[in-house]
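These are my notebook entries on one chain. I looked up its loops, its helix contacts, its charged pairs and its record annotations.

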Amino acid sequence: MMKFVLMLFMMMPLVFLNEFWLVQFMWMLITFFFMLSFSFNYMYMYISYFMGLDLISYLMILLSFWVCSLMILASQKILYTNFWSRFFMFMIVCLMLSLLLAFSSLNLFMFYIFFEVSLLPTLMLIVGWGYQPERLQAGIYMLFYTVLGSLPMMIVIFYYYSLNNSLDFNFLSVELNEGVFYLCMNMVFFIKIPLFFVHLWLPKAHVEAPVSGSMILAGVLLKLGGYGLMRIMVIFLSLGVSMNYFFISLSMVGGVIVSLICLRQSDIKSLIAYSSVAHMGLAVSGILTLSYWGMSGALMMMIAHGLCSSGLFCLANLSYERVGSRSLYLNKGMINIIPSLSLWWFLLSSSNMAAPPSLNLMGEIMLINSLLSYDILNMVILMLLSFFGAVYSLYLYSFSQHGKVYTGLYAFSSGYYREYLLMMLHWLPLNILILKGELMCICL
């Protein structure tokens, strides 16, 4: 594992050359090397120092590498305007480094440290390269939600160490049977995913963030919460039988409410951000069922959502760069002007509603099975979730592509090779991976 950390450190000098193409090439090269060391099962591999990889960590790190390389591809405007482009690249490398160390940590406390460290580069991206003055408020929202949730977790980690004498993920043998400990330990992950009621920071952060910030937030940082829950739930197996029911109900009912909120959004980015809350609500419900199908389905859903949501944010940014607004009332009739981009809107919107052959479909089928085996009454809410998922995806597509073109538009380019490559690199893995879906199942 250390070789990948060292590779990222070696990229630091390249950043200051201000050559985006060189950094992009090196990033893709590292991603390719990482893909060669694929972890095909649940056992730990490449153990060195406090780091190691199993299937969940491997897929999360691979997703991080992929999304970070696409962030560079999507942010060419920063290079053209030379708006602190070297510092921007430096922030992306720092963020990737913190994510690599967080996902590969074998120790709970080390995971906690790098979990918190990843907050700082994200905050810098939002505050430094965001579009509106409200980005400061959005950054503070994100910071305070996460820090407020993580302080109780740190105290419980210290207390757990005094009971268990180890914080290694393989040796978390002592179970905690107090509801207070459950809340203190898991609340930070619920905030990060985010669970309904503690999700208000997410739409704010997404709307104010630059395209790179939105991509990494939706693509990887939300997955830190799901990953943390997957690792921690082993401590709460007996308590989870009674406690998880409440949080499953909350996240699923919250998903339906958020889906309804999606239907009255006029801001494209805000709509995509709220749809993330609905999708991740389904994933966290799957994890909390504590079943094999739920865990595998949640992992698959997290990978699929990371690619799909990131691609939709890229498309929203392409419209924003041309029209100068993210409003659905101004971004109308795009199929008349940019029909080739309209195809990508259709493909990614259909993946967002879990249409075949996207990985979202496979993830949703597994999650629906796990939730129905948990309680048959979940059927009603799952029907509503699936239906509204299709409704807001179609609403986003039809409102932005059809209708009368805004008369205030004069001229803009229909699209660059770079933008179509960016879309292809989001959509292709999302729809090819379903052919090897078993790789994303946590093999027993």
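I began with P357, which I found in the loop between α16 (339-352) and α17 (359-374). I took helices (H or I, at least four residues) and strands (E, at least two) as DSSP runs, numbered from the N terminus. The peptide bond from P356 to P357 is cis, with omega near 5°. I then turned to P194, in the loop between α9 (179-192) and α10. The bond that joins I193 to P194 is also cis, with omega near -5°. N165 lies in the loop between α8 (135-164) and α9. I noted that N165 is not a glycine and yet has a positive phi of about 60°. I recorded these sites because most residues other than glycine have a negative phi, and most peptide bonds are trans.

Basis of the entries. I worked from a predicted model, in which local features need pLDDT of at least 70 and side-chain atom pairs count only at pLDDT 80 or more, while totals for chains, interfaces and linings use all residues. Residues are numbered from 1 along each chain as its sequence is written, and side-chain values use heavy atoms, with hydrogens and water left out.

I looked up helix α2 (residues 20-36) and helix α5 (residues 85-104), whose axes come within 12 Å and cross at roughly 10°. Axes are lines fitted to C-alpha atoms, for helices over the stretch in contact, and angles run from 0 to 180 degrees between N-to-C directions. The crossing angle makes α2 roughly parallel to α5. Angles under 35 degrees count as roughly parallel, over 145 as roughly antiparallel, 65 to 115 as roughly perpendicular and the rest as oblique. In the contact (heavy atoms within 4.5 Å), α2 contributes F20, V23 and W27, and α5 contributes S85, F88, M89, I92, V93 and M96. I sorted these residues into 8 nonpolar, 1 polar and no charged. For this I counted Ala, Val, Leu, Ile, Met, Phe, Trp, Tyr, Cys and Pro as nonpolar, Asp, Glu, Lys and Arg as charged, and the others, Gly among them, as polar.

Helix α6 (residues 108-117) packs with α11 at an angle of about 170°, with the axes 12 Å apart. The two helices, α6 and α11, are therefore roughly antiparallel to each other. L108, F111 and F115 of α6 meet L224, Y227, G228 and I232 of α11.

Side chains of opposite charge can pair when their charged atoms come close. I examined the salt bridge of R231 with D54, at 2.8 Å from N to O. This pair links distant parts of the chain, with R231 in helix α11 (residues 211-232) and D54 in the loop between β2 (51-53) and α3 (55-74), 177 residues apart.

UniProt, in an unreviewed entry, lists "domain: NADH:quinone oxidoreductase/Mrp antiporter transmembrane" at residues 105-388. UniProt positions are in the numbering used here, feature names are shortened, and annotations may be inferred rather than shown by experiment. In the model, residues 105-388 are 77% helix and 0% strand, and the end C-alpha atoms of the span lie 38 Å apart.

Key. Salt bridge = Lys/Arg side-chain N within 4 Å of Asp/Glu carboxyl O.
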